[in-house]
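Visitor: I have a structure open and want a quick tour. Can you take my questions as they come?
Guide: Go ahead.

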There are 2 protein chains.
Amino acid sequence: MAQGDDDDVPLILTWDEDANSGLLSDGALERVDENGTGDCDGVGDASVPKPVPVHSRAQISNRQSWEINYQEAAIYLQEGENNDKFFTHPRNPQALNAYLFAHNHLFYLMELLTGVLLMMLSLSEAPAVPSLRLDVYVHATLELLALVMVAFELCMKLRWLGFHTFIRHKRTMVKTSVLLIQFIEAIVILVRQTSHLRVTRALRPIFLVDCRYCGAVRRNLRQIFQSLPPFIDILLLLFFFMVIFAILGESSSSNTHTYKFTHTHTHIHTHTPYFNTLENSIVSLFVLLTTANFPDVMMPAYSRNRWSCVFFIIYLSIELYFIMNLLLAVVFDTFNGVEKMKFKSLLLHKRSAIDHAFHLLVTRQRPDGISLKQFDGLMRFYKPRMCARDRFLTYKALNQSDTPALCLEDFYKFYEVIGLTWKARQSREHWFDDFSHTMFLIFKGIYILVKSKAFQYAMYVVVAVNGIWILVETNMLNGKISPLPQISFILYSFPVYGVEMLLKITGLGPMAYFSSGWNLFDFLVTVIAFLGLIATAFNMEPFYFIVILRLLQLLRLFKIKQRFRNVLDTMFELFPRMASLGLTLIIFYYSFAIVGMEFFADVIYPNCCNTSTVADAYRQVNITIGNDTVLQDGYYYLNNFNNILSSFVTLFELTVVNNWYITMEGVTSQTSHWSRLYFMTFYIVTMVVMTIIVAFILDAFVFRMNYSRKNRETLDNSEDEKGIVFEAEVACAEIRQTLELYKQILPGTNLSSLQGLCVAIEQTDSVVFLGRRARTKSDLSMKMYEEEIQEWYEEFSRISFSQSEQTLQD
Amino acid sequence: MAQGDDDDVPLILTWDEDANSGLLSDGALERVDENGTGDCDGVGDASVPKPVPVHSRAQISNRQSWEINYQEAAIYLQEGENNDKFFTHPRNPQALNAYLFAHNHLFYLMELLTGVLLMMLSLSEAPAVPSLRLDVYVHATLELLALVMVAFELCMKLRWLGFHTFIRHKRTMVKTSVLLIQFIEAIVILVRQTSHLRVTRALRPIFLVDCRYCGAVRRNLRQIFQSLPPFIDILLLLFFFMVIFAILGESSSSNTHTYKFTHTHTHIHTHTPYFNTLENSIVSLFVLLTTANFPDVMMPAYSRNRWSCVFFIIYLSIELYFIMNLLLAVVFDTFNGVEKMKFKSLLLHKRSAIDHAFHLLVTRQRPDGISLKQFDGLMRFYKPRMCARDRFLTYKALNQSDTPALCLEDFYKFYEVIGLTWKARQSREHWFDDFSHTMFLIFKGIYILVKSKAFQYAMYVVVAVNGIWILVETNMLNGKISPLPQISFILYSFPVYGVEMLLKITGLGPMAYFSSGWNLFDFLVTVIAFLGLIATAFNMEPFYFIVILRLLQLLRLFKIKQRFRNVLDTMFELFPRMASLGLTLIIFYYSFAIVGMEFFADVIYPNCCNTSTVADAYRQVNITIGNDTVLQDGYYYLNNFNNILSSFVTLFELTVVNNWYITMEGVTSQTSHWSRLYFMTFYIVTMVVMTIIVAFILDAFVFRMNYSRKNRETLDNSEDEKGIVFEAEVACAEIRQTLELYKQILPGTNLSSLQGLCVAIEQTDSVVFLGRRARTKSDLSMKMYEEEIQEWYEEFSRISFSQSEQTLQD
């Protein structure tokens with residue numbers, strides 16, 4: 001156990017060249033260089049300079065130099081966690097101040113809000129959503145303010161990074177130039193008091209993407225760009241066949257009366273617009289690739305000659321069923337590779353960060369271990385909110401060899417241990433063990449009841465009956481409004497759910513009950529249904545709400561089968577990633593929506609497109625069929641680009657692909673045929689993103705299934721489902737010693753958590769603490785690639801070593 | 001080398017209990033039992049009886065008993081290759097005769113033709129394709145004849161299998177019962193002279209699927225059924241959400257004026273038929289799942305309240321983008337597992353077959369090796385067409401330890417070696433090495449030219465220019481018929497391609513030229529284009545044909561990039577499997593087409609469905625819009641079930657999914673709403689098959705890419721691209737000895753191949769032969785699962801051993 005002597009001297013003095021060079025003589029150089037300069041920055045950039053100590057520290061005390069080291073180490077560890085490159089590491093006290101200013105949640109939140117505000121502006125700029133329209137000078141001023149904020153953030157970054165690093169950082173440079181353009185345009189608008197054609201607004205998402213909280217979106221974008229080269233190759237193949245078939249279709253259409261389709265003597269209809277020119281042929285086949293015009297495009301030719309379907313069947317078989325799947329296969333394969341490389345580089349980056357931090361924390365007297373004192377100093381900077389007890393327990397959990405100091409090998413587990421929440425191991429089996437005997441028996445009975453299969457299945461039966469009841473009822477109602485029977489059922493079924501809930505809470509104990517996600521779900525649904533019931537009693541019209549709640553109850557049925565539980569668990573595990581993919585998609589939507597609004601706002605209205613082939617879909621007119629007059633409402637004029645919300649809905653419809661060509665042809669007939677480029681580009685972009693999403697879901701599930709298969713062989717499954725668990729055993733003497741140490745090094749701080757522990761532990765000799773956290777994808781990957789990870793580490797340290805040798809030779 | 005002595009005695013005498021039991025004394029029992037009864041029949045059926053020798057062979061000579069053993073061994077090896085279970089192995093001479101009768105290509109062809117004929121009958125049965133209509137008694141008689149053929153085939157099978165095995169063989173029993181039903185129905189038709197409602201015709205594909213050549217289709221079907229359980233689970237999840245959303249949609253539609261959509265206060269349009277009843281809600285959402293009715297189903301609600309799109313966006317996000325992809329993931333995962341299991345069981349089945357064969361071929365004197373004489377005897381039965389030289393070379397290739405006899409370990413490679421085509425290794429570098437010096441230099445120059453990068457890229461440029469020319473021309477023509485410029489281009493470009501072809505043939509030599517698939521493709525396209533040119537000169541109108549050929553030339557551009565070559569190579573490698581998947585799909589189509597024809601023939605005609613919501617699509621009528629009168633032709637009446645060909649096209653349209661609900665609603669409006677079940681079932685079935693196809697393509701490509709990645713590490717890639725190569729070195733003395741042996745054991749047979757070899761070899765001391773064959777998926781799997789295969793073998797022999805121990809204890 002480390003003593004609180006103030007004469008421990010750090011091995012490395014941050015920003016102090018003299019101290020560092022002074023160490024060269026005592027043989028520590030090899031270690032420092034080997035581990036200190038081998039920074040793998042996570043994306044293969046090998047030209048990372050070693051953080052150069054700049055600041056002279058002759059005037060500051062040993063204690064102060066430790067504080068600076070703690071902070072430096074905490075920054076390294078944060079950089080490792082966030083996958084920040086080390087070449088952006090602050091190099092002097094001024095930079096450090098700027099770094100600390102720019103790295104806290106307040107600043108991040110400001111970044112995020114500025115980004116969101118800038119994007120939201122398009123709601124109010126012309127063409128605006130009617131209810132949110134703002135005057136030109138108002139929204140232009142707002143924009144200028146937001147841009148000034150962004151400029152301020154960039155200035156902070158410039159101060160922290162230094163000019164040299166700043167201009168080398170590509171993302172920041174792009175942001176700066178976009179900022180300049182936006183600035184000029186905003187000023188122009190303010191001066192002219194009117195909006196001009198501003199396609200550059202499509203670049204606004206850059207400000208959002210660049211902010212700290214959108215790291216996942218940035219990673220997604222990078223992954224999409226990495227998957228592009230093979231994607232484009234297959235896309236070329238796709239277009240090649242499309243052009244070949246377009247020429248075939250066009251020739252057979254234009255030469256109908258002279259020439260025949262080989263073997264089958266097909267004439268493709270010459271009077272339909274699908275294949276009359278090469279451009280139309282290509283567009284028709286492009287739309288056919290999305291199947292959106294399918295039987296229609298074939299019908300005129302098919303009505304002439306039944307064999308003409310062969311042309312379309314062959315085209316669809318090659319393009320849709322073969323090459324499109326090939327596209328998925330290629331993207332899936334690339335995706336797999338990229339995921340693994342990403343994991344590897346992140347892992348090595350973290351390791352390198354830990355190396356850096358380790359050498360800042362060891363003392364000159366003991367260069368191969370971190371004492372509790374130093375670790376605690378680090379943690380106070382790394383996680384200021386963590387209480388003293390948890391800092392101590394984290395140290396214990398890391399220190400598996402149980403030596404007085406933490407060696408590097410132990411310290412490598414830092415990121416695995418850091419997120420744990422600690423709790424003393426419950427020696428009691430049930431929460432009611434301390435109750436009197438009679439009570440115990442009652443509770444025990446309830447416990448056995450709620451744990452029994454029969455009880456579970458009885459509840460499933462109730463839920464299923466409930467479901468069937470809803471179905472029958474809804475079917476019988478059939479438009480007649482009679483909410484009473486529905487509410488009556490709530491009255492019947494609610495007591496059952498309520499009793500189940502109470503039994504479970506009493507049987508399992510409140511803590512155990514609420515720690516299960518499924519129970520929490522049951523509880524919430526039942527309680528809200530009860531509240532809804534009360535509201536209905538007071539005629540507050542929450543009917544629709546109750547319908548939804550009743551249907552949600554049915555979800556409980558999916559607990560029955562292991563596969564469903566797996567699927568739902570995986571779904572929850574993947575949710576953050578899915579959300580970030582969704583956000584990525586929305587960012588693409590935003591850019592396309594802006595471009596669409598700039599060019600196609602207000603071109604679509606009822607009866608706008610009577611000259612086009614899709615006139616029917618836009619028609620709002622009384623037509624006469626025989627003797628009847630019918631209002632024919634095509635409704636498609638609703639799919640327009642008149643404001644950003646309409647644009648988003650229109651783009652979603654284009655994403656779903658069905659009938660997208662109606663929107664395309666409508667807009668095209670009102671503008672020029674170059675508009676098709678916009679729609680086709682959008683289709684291809686969403687195809688890329690959607691393929692990535694499919695590949696992601698495929699990869700995640702296959703990975704998860706492989707993992708659980710692998711796990712079933714080695715580990716008991718039920719144990720593993722609880723997440724990641726670490727143990728730390730604490731003896732009474734130890735805790736007292738630690739308390740003394742803390743009182744010495746941190747006089748006046750709040751040590752109640754440790755003192756409480758000290759009191760609690762007095763009866764027993766020692767206590768075992770369990771640290772738990774949820775399992776992440778990274779944990780799964782760690783297990784899946786177990787063997788490879790060792791190889792990576794070896795390779796990594798080999799490279800580090802050869803780099804350090806090179807450094808020595810230089 | 002084995003001598004031709006006639007006093008070699010087989011270790012095992014087939015069908016001879018005495019001889020077999022006689023062996024029990026001399027310690028061979030363990031070997032026999034260990035390897036002889038451990039038959040893993042490929043599908044995990046462990047209750048396989050040991051082939052029981054029945055026939056007494058006291059009266060037959062040693063030579064005859066060898067012949068019987070050869071045949072028996074050949075049958076075992078064939079069973080191993082075809083994955084036939086060993087319990088169907090013929091057990092006595094009568095069975096053997098029937099087996100031989102039923103196992104040759106003539107019989108297989110008869111089976112196939114009968115199956116195809118039965119399926120083709122539906123072209124001529126009412127509702128028939130107009131031009132192929134036959135009288136009732138004609139097609140019923142044809143059907144009876146075909147059924148008699150099937151009955152005859154079944155009788156042969158009964159004779160060969162024996163009654164007991166016959167009724168245990170599920171597939172055969174199903175076939176028999178279907179045959180009986182079909183028989184009765186055909187007779188009923190003949191008696192009544194009119195067709196009745198005959199849904200059982202949908203079972204006809206069973207006769208086709210059961211025939212030997214359709215083994216791949218059977219395997220596909222099995223794989224589809226194996227993937228079903230997880231598929232159905234996820235389908236349930238899908239339907240669960242569908243029903244929840246249907247109830248929501250229906251409630252919000254039927255309660256529009258009283259209740260509101262939570263938070264968003266959406267009213268879903270009450271006057272549209274999409275959500276007015278629960279059934280319509282479910283159907284609408286089912287169709288929405290296929291996106292076929294997408295923006296339309298949303299439009300009425302959307303026109304009322306813009307926020308109603310949230311309902312549809314959430315539904316599509318959950319169902320289409322999440323659960324449908326999950327479906328693919330689950331099927332893909334199961335598919336992976338099934339593929340591996342299939343490969344494993346086939347591999348072990350083959351190994352077991354080889355074990356069986358080995359013990360029939362060894363002599364009592366040398367029970368651990370097969371001599372050339374015995375191997376040759378086997379091969380004469382196994383591959384009667386193989387010439388003596390190839391039999392000898394195959395033996396040499398197997399015999400890698402170069403001992404006089406073939407040990408079991410060598411013999412295990414049997415299936416890898418059996419398909420090789422043998423050729424002496426070319427010692428010459430170029431085909432023109434023997435030419436005079438001047439000629440050699442000229443040819444060498446041509447060789448260097450055609451091998452040069454510059455030449456290749458020049459040709460790519462020509463092809464690309466050709467492609468651009470075609471595009472420009474087609475665009476300029478735009479409907480004007482002027483074939484002359486197109487032909488003129490053929491006149492310009494043909495000489496270039498012709499010269500390239502001639503240069504390549506002279507430079508590489510005809511043999512090398514034509515051994516490359518790409519060159520063969522170039523050659524054919526150029527020659528056919530030339531023939532087409534001549535035909536055009538005589539005004540024979542092959543214009544369209546030439547257009548296609550010109551476009552095919554463009555395919556050559558895809559040689560440029562490695563990825564395209566990979567894709568195309570993989571495509572060709574996968575082609576057989578893809579074809580069998582296509583055939584599987586067609587079999588499903590056939591069954592659905594028959595059912596469709598029986599119920600929906602002639603219900604669809606122009607203006608048939610004026611009462612339905614899709615009336616427009618079926619309308620063929622003059623309508624008035626403003627002052628204009630236009631012929632509105634909906635064309636969808638063409639998508640009917642009036643005969644089997646129309647049904648196939650209609651079903652293909654349903655497979656492509658877009659607008660499929662128009663066909664469904666049309667038919668439903670003319671029949672009952674139960675018809676929707678047919679269409680929905682069809683959608684789900686094609687979804688299963690299509691998901692399997694996607695999973696297959698994904699699996700195949702990912703596998704292939706992993707393989708080439710793995711291969712790049714271990715092997716030089718160019719070597720591997722040539723396929724599988726085996727070497728056999730033959731010395732002159734050896735070949736002479738073999739010739740003598742053959743003359744002795746096979747007097748009067750044609751040994752010209754061996755004699756020719758003998759003459760050719762006389763100059764040199766020895767010659768190396770190379771046996772080549774194309775690489776199959778099985779070879780790839782062998783390499784991929786290298787390590788696991790060893791484990792499987794060990795496990796397999798452990799099981800065999802424990803089985804044999806059990807046999808000993810019994």
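Visitor: In which sense do β4(B) and β5(B) pair, and over how many bridges?
Guide: Strands β4 (residues 724–731) and β5 (residues 766–773) of chain B pair in the antiparallel sense, over eight bridges. Two strands count as paired if DSSP finds at least two bridges between them. Helices (H or I, at least four residues) and strands (E, at least two) are DSSP runs, numbered from the N terminus.

Visitor: Before we go on, what am I looking at, and how is it numbered?
Guide: This is a predicted model: local features need pLDDT of at least 70, side-chain atom pairs count only at pLDDT 80 or more, and totals for chains, interfaces and linings use all residues. Residues are numbered from 1 along each chain as its sequence is written, chains are lettered from A and ligands numbered from 1 in the order in which they are written, and side-chain values use heavy atoms, with hydrogens and water left out.

Visitor: Back to the strands. What stands opposite Glu729(B) in β5(B)?
Guide: Val768(B) does. Val725(B) has Arg772(B) as its bridge partner in β5(B).

Visitor: Which residues of β4(B) are on the covered face, and which on the uncovered one?
Guide: Ile724(B), Phe726(B), Ala728(B) and Val730(B) make the covered face. Val725(B), Glu727(B), Glu729(B) and Ala731(B) make the uncovered one.

Visitor: What is the strand order in the sheet?
Guide: The order is β1-β5-β4 in chain B, an open sheet of three strands with antiparallel pairing. β1 (421–424) and β4 are the edge strands, each pairing on one side only. From one strand to the next, the twist averages 30 degrees. That angle is taken between axes, which are lines fitted to C-alpha atoms (for helices over the stretch in contact), and runs from 0 to 180 degrees between N-to-C directions.

Visitor: Helices next. Which residues of α18(B) are buried?
Guide: Phe443(B), Ile446(B) and Val450(B). Their arc around the axis is only 55 degrees, which puts them on the same side of α18(B). The arc is that of the directions from the helix axis to the C-beta atoms. Buried means under 20% relative accessible area, exposed over 50%, partly exposed in between (1.4 Å probe, protein chains only).

Visitor: What does the face turned away carry?
Guide: Exposed residues: His437(B), Thr438(B), Ile448(B) and Lys451(B).

Visitor: Why is α27 of chain A largely enclosed?
Guide: Nine of its 11 residues (660–670) are buried, so the rest of the structure largely encloses α27(A). Among the buried ones are Trp660(A), Tyr661(A) and Met664(A).

Visitor: And the residue Asn659(A), where does it lie?
Guide: In the loop between α26 (644–656) and α27 of chain A. Asn659(A) has a positive phi of about 60 degrees although it is not a glycine.

Visitor: Is Asn659(A) buried or exposed?
Guide: Buried, at 7% relative accessibility. Asp602(A) also has a positive phi, about 65 degrees, and is not a glycine. Asp602(A) is exposed, with a relative accessible area of 53%. Its place is the loop between α24 (562–600) and α25 (615–618) of chain A.

Visitor: Aromatics now. How many aromatic pairs are there over all chains?
Guide: There are 87. Rings of Phe, Tyr and Trp (its six-membered ring) pair if their centres lie within 6.5 Å; planes under 30 degrees apart count as stacked, over 60 as edge-to-face and the rest as tilted. Phe514(A) and Phe523(A) have ring centres 5.0 Å apart and planes at 90 degrees, so they are edge-to-face. Phe514(A) is partly exposed at 34%, and Phe523(A) is partly exposed at 23%.

Visitor: What about Phe286(B) and Trp660(B)?
Guide: Their ring centres are 6.0 Å apart and the planes at 65 degrees, so that pair is edge-to-face. The pair links distant parts of the chain, α11 (residues 278–289) and α27 (residues 660–670) of chain B, 374 residues apart. Phe286(B) is buried at 2% relative accessible area. Trp660(B) is buried, with 2%.

Visitor: Which charge lies over the face of Tyr415(A)?
Guide: Lys350(A), at 5.1 Å from the ring centre. A charge sits over a ring if NZ of Lys or CZ of Arg is within 6 Å of the ring centre and within 35 degrees of the ring normal. In chain B, Arg306(B) lies over the face of Tyr302(B), at 5.2 Å from the ring centre.
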